Amino acid sequence: MPEQLLFAMEVTLNGLMAGVLYALVALGFVLIFKASGIFNYAQGVMALFAALTLVGIMDGQIPFAHIINAIFGTELHHFGWHVPALLAIILTAGVMVVFAWLVQKFIFSHLVNQEPIILFMATIGLAYFLEGVGDLMWGSDIKKLDVGLPQGINDWIDITTFEVFGYGFFIDNLDISATIVAIILVAALIIFSQYTKQGRALRAVADDHQAALSVGISLNFIWVLVWSIAGFVALVAGIMWGAKSGVQFSLSLIALKALPVLMLGGFTSIPGAIVGGLIIGVGEKLFEFLIGPMVGGATENWFAYVLALLFLVFRPQGLFGEKIIERV
Amino acid sequence: MFYRESGDFSTTYAEDNQTFPIKFDRYRYYAVLAVAFLVIPFIINDYWANAVFVPFLIYAIAAIGLNILTGYCGQVSLGTGGFMAVGAYAVYKLMTAFPEVSMLVHVPLAGLITAGVVTLFGLPSLRIKGFYLAVATLAAQFFLVWLFNKVPWFYNYSASGQISAPERDVIGIIITGPNTEAWAKYMICLIFVTLAALIARNLTRGSVGRKWMAIRDMDIAAEIIGVNPMMAKLTAFAVSGFFIGIAGALFFSVYLGAAEVGESFGIDKSFLVLFMVIIGGLGSIFGSFAGAAFMVLLPVFLKNVFVGLLGWPTDLAAHLQFIVSGGLIIVFLILEPHGLAQLWRLAKEKLRLWPFPH
């Protein structure tokens with residue numbers, strides 16, 4: 001087999017893995033957008049915040065140490081203990097639930113019935129706020145996140161492909177575990193929304209707020225629930241991205257990468273988020289591999305957007321979005 | 001009592017059609033202009049020019065531009081940073097290619113070039129709406145920044161990849177480059193702001209503006225009563241691009257002096273200008289000024305409080321600044337979703353009745 005083709009195959013596989021991570025962020029967007037009509041720009045910052053909190057809890061950092069030191073002249077930094085990863089993840093999930101409750105209570109319950117653009121701006125404000133809080137709580141230095149996921153090249157794939165094609169593929173173990181986690185997460189979400197009472201209530205709210213309200217579903221509770229789930233999805237995404245490239249500010253920028261994924265898949269479709277993520281992941285890696293060298297590289301920054309833009313011109317509601325029906 | 005429309009009679013059509021038909025508004029406007037042109041240039045110093053006035057005036061132009069697109073025509077754009085970069089690079093290429101031509105020609109030309117580019121990126125708006133369009137404009141943002149980074153022709157093959165403004169003068173007064181006086185920077189921006197605001201005000205209250213607003217309120221209904229949606233949307237993109245291009249050109253040549261595209265015209269700029277428009281008030285020229293003033297003054301104020309007054313480390317102050325500005329934006333949206341312009345409208349209402357509230 002020609003070498004170019006093998007490279008392309010390897011790039012495609014890696015693109016699929018990257019796409020899974022995009023899909024994870026996009027999933028959080030879709031959940032909130034479906035249930036409350038809020039286009040949550042803060043999803044990426046939520047992932048960053050969750051990852052920062054997780055690292056902070058695991059290392060036993062004292063929250064707000066920096067500002068306490070600045071005010072009182074103390075020298076605080078760590079509690080001096082280490083929390084096991086699993087417990088830390090549960091605690092962080094708890095923090096995200098509290099965060100969801102606060103967001104609903106102090107922000108969005110006051111903004112009910114506002115125009116979508118106002119809600120969107122509020123989430124941008126929230127993103128700034130959360131970014132500041134995250135940095136203030138845990139410090140802004142780049143942190144290493146290690147929750148015990150396997151990392152590095154997968155030897156089995158390397159050896160097998162070498163035997164078959166005479167060229168070993170480089171696939172990161174972390175990407176494989178991310179894929180598995182994402183599949184489990186999506187399966188869990190589907191089971192939750194299909195077979196539990198709260199899940200069905202959530203789908204009812206997503207379908208029609210007023211009808212759901214009239215049969216006795218508490219909108220407030222559902223919104224807190226959906227923000228909590230989105231917070232949990234953000235936590236998972238934060239763990240995966242954090243383990244891959246360290247916990248740092250650029251983590252919040254993956255939210256921007258999730259936007260074209262959403263456009264491609266449709267804002268209201270969970271399968272759309274996943275398929276869109278995979279298409280974008282593969283597309284941008286292949287484009288960078290094939291066309292990138294001709295135009296100076298770094299095409300990954302914009303390719304996803306331009307692809308989504310061109311696609312939307314032909315299908316304005318995305319791949320799986322609800323058909324847009326307009327009436328006067 | 002202080003603000004009233006009654007007793008203000010127009011006896012000619014020209015009087016009836018003037019930019020500010022109400023006497024009080026008109027005199028207030030003249031007073032502001034008099035202070036801006038006759039008082040501030042003589043007392044301004046470098047700190048006030050660089051930290052407050054020049055960025056305020058330039059952002060005000062950008063905010064007017066975005067307000068025309070988002071506030072008047074209802075097309076949300078997140079590409080403002082990239083569009084400002086088009087203005088900046090256009091003026092840079094013009095300045096270096098035609099050094100003998102006046103800046104007063106180059107800056108509007110850069111605006112026209114930007115208008116063309118923005119119209120091109122506005123084409124998808126004919127098919128896509130709402131948030132889909134907002135995200136689509138992000139494509140412009142990222143693509144343009146990448147383009148200006150990767151194609152050396154745009155930055156004249158300079159080794160650092162930066163662009164820096166050469167020294168240029170208008171009627172003998174240096175307005176760009178490191179030797180510019182504070183008042184000269186201020187004046188050139190003020191002239192452009194005044195013209196931009198005047199044009200924007202008259203466009204938005206004329207037939208073009210009415211068409212934009214019809215499209216914003218309900219595009220299908222507007223189409224049925226005879227507004228051509230293609231023309232209305234594309235003119236909004238073009239006019240908005242013209243203003244944003246001028247803002248970008250001034251931002252680079254007068255304010256920054258040297259710019260690197262990713263840093264100066266990144267996605268943050270897009271959000272900053274959008275914040276100005278929302279906080280100031282969608283669909284209001286006055287709101288664009290108010291929002292720009294608010295967003296320019298806020299960081300200056302916070303920095304002075306945290307670093308100057310409390311003596312905290314600067315990185316801590318930077319984090320707090322994020323928290324406070326994010327929090328303020330949320331508070332603002334909750335308390336007054338129609339922005340500062342709405343507060344002014346309410347104030348007028350109060351002034352009209354004062355001192356008898358009923």
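In chain A, helices H11(A) and H12(A) cross in a right-handed sense. This is a predicted model, and the predictor assigns the complex an ipTM of 0.81 and a pTM of 0.87.

**Helix pair H11(A) and H12(A)**

- Helix H11 of chain A covers residues 254-265 and helix H12 of chain A covers residues 270-290; their axes come within 8 Å and cross at roughly 120°.
- On the H11(A) side, the contact is made by A:Pro260, A:Val261, A:Leu262, A:Leu264 and A:Gly265.
- H12(A) contributes A:Gly272, A:Ala273, A:Val275, A:Gly276, A:Gly277, A:Ile279 and A:Ile280 to this contact.
- By class, the contact of H11(A) with H12(A) holds eight nonpolar and four polar residues, and no charged ones.

**Chain A overall**

- Chain A has 14 helices and zero strands, and its pattern along the sequence is α-α-α-α-α-α-α-α-α-α-α-α-α-α.
- The radius of gyration of chain A is 21 Å, close to the 20 Å given by the globule rule for 328 residues, so chain A is as compact as a globular protein of that length.
- The C-alpha trace of chain A spans about 65 × 60 × 40 Å along its principal axes.

**Chain B overall**

- Chain B has 15 helices and four strands.
- For chain B the radius of gyration is 21 Å, close to the 21 Å that the globule rule gives for 358 residues, so chain B is as compact as a globular protein of that length.
- Taken along the principal axes, the C-alpha atoms of chain B fill a box of roughly 65 × 55 × 45 Å.
- The mean pLDDT of chain B is 87, and 99% of its residues reach 70 or more.

**Helix pair H4(B) and H5(B)**

- Helix H4 (residues 80-97) of chain B packs against helix H5 (residues 103-122) of chain B at an angle of about 135°, with the axes 8 Å apart.
- H4(B) and H5(B) are therefore oblique to each other, and H4(B) passes H5(B) in a right-handed crossing.
- From H4(B), the contact residues are B:Phe83, B:Val86, B:Gly87, B:Ala90, B:Val91, B:Leu94 and B:Met95.
- From H5(B), they are B:His106, B:Val107, B:Leu109, B:Ala110, B:Gly111, B:Ile113, B:Thr114, B:Val117 and B:Val118.
- The contact of H4(B) with H5(B) has 12 nonpolar residues, four polar residues and no charged residues.

**Helix pair H12(B) and H13(B)**

- The axes of H12(B) and helix H13 (residues 285-309) of chain B come within 7 Å and cross at roughly 120°.
- H12(B) and H13(B) are therefore oblique to each other, and the crossing of H12(B) past H13(B) is right-handed.
- B:Leu272, B:Phe275, B:Met276, B:Val277, B:Ile279 and B:Gly280 are the residues of H12(B) in this contact.
- In H13(B), they meet B:Gly287, B:Ser288, B:Ala290, B:Gly291, B:Ala292, B:Phe294 and B:Met295.

**Interface between chains A and B**

- In the interface, 37 residues of chain B are in contact with 41 residues of chain A.
- Helix H6 (130-150), helix H9 (219-224), helix H12 (267-280) and helix H14 (314-335) of chain B each give two or more residues to the side of chain B that touches chain A.
- H14(B) gives the most to that side, with 13 residues.
- By class, the side of chain B that touches chain A has 30 nonpolar, four polar and three charged residues.

Conventions: Residues are numbered from 1 along each chain as its sequence is written. Chains are lettered from A and ligands numbered from 1 in the order in which they are written. This is a predicted model: local features need pLDDT of at least 70, side-chain atom pairs count only at pLDDT 80 or more; totals for chains, interfaces and linings use all residues. Two residues are in contact if their C-beta atoms, placed from the backbone, lie within 7 Å. Ala, Val, Leu, Ile, Met, Phe, Trp, Tyr, Cys and Pro count as nonpolar, Asp, Glu, Lys and Arg as charged, and the others, Gly among them, as polar. Axes are lines fitted to C-alpha atoms, for helices over the stretch in contact, and angles run from 0 to 180 degrees between N-to-C directions. Angles under 35 degrees count as roughly parallel, over 145 as roughly antiparallel, 65 to 115 as roughly perpendicular and the rest as oblique. A crossing is left-handed if the near helix is turned anticlockwise from the far one by less than a right angle, and right-handed if clockwise. pLDDT is the predictor's confidence in each residue, from 0 to 100. The radius of gyration is taken over C-alpha atoms; the globule rule is 2.2 Å times the number of residues to the power 0.38.
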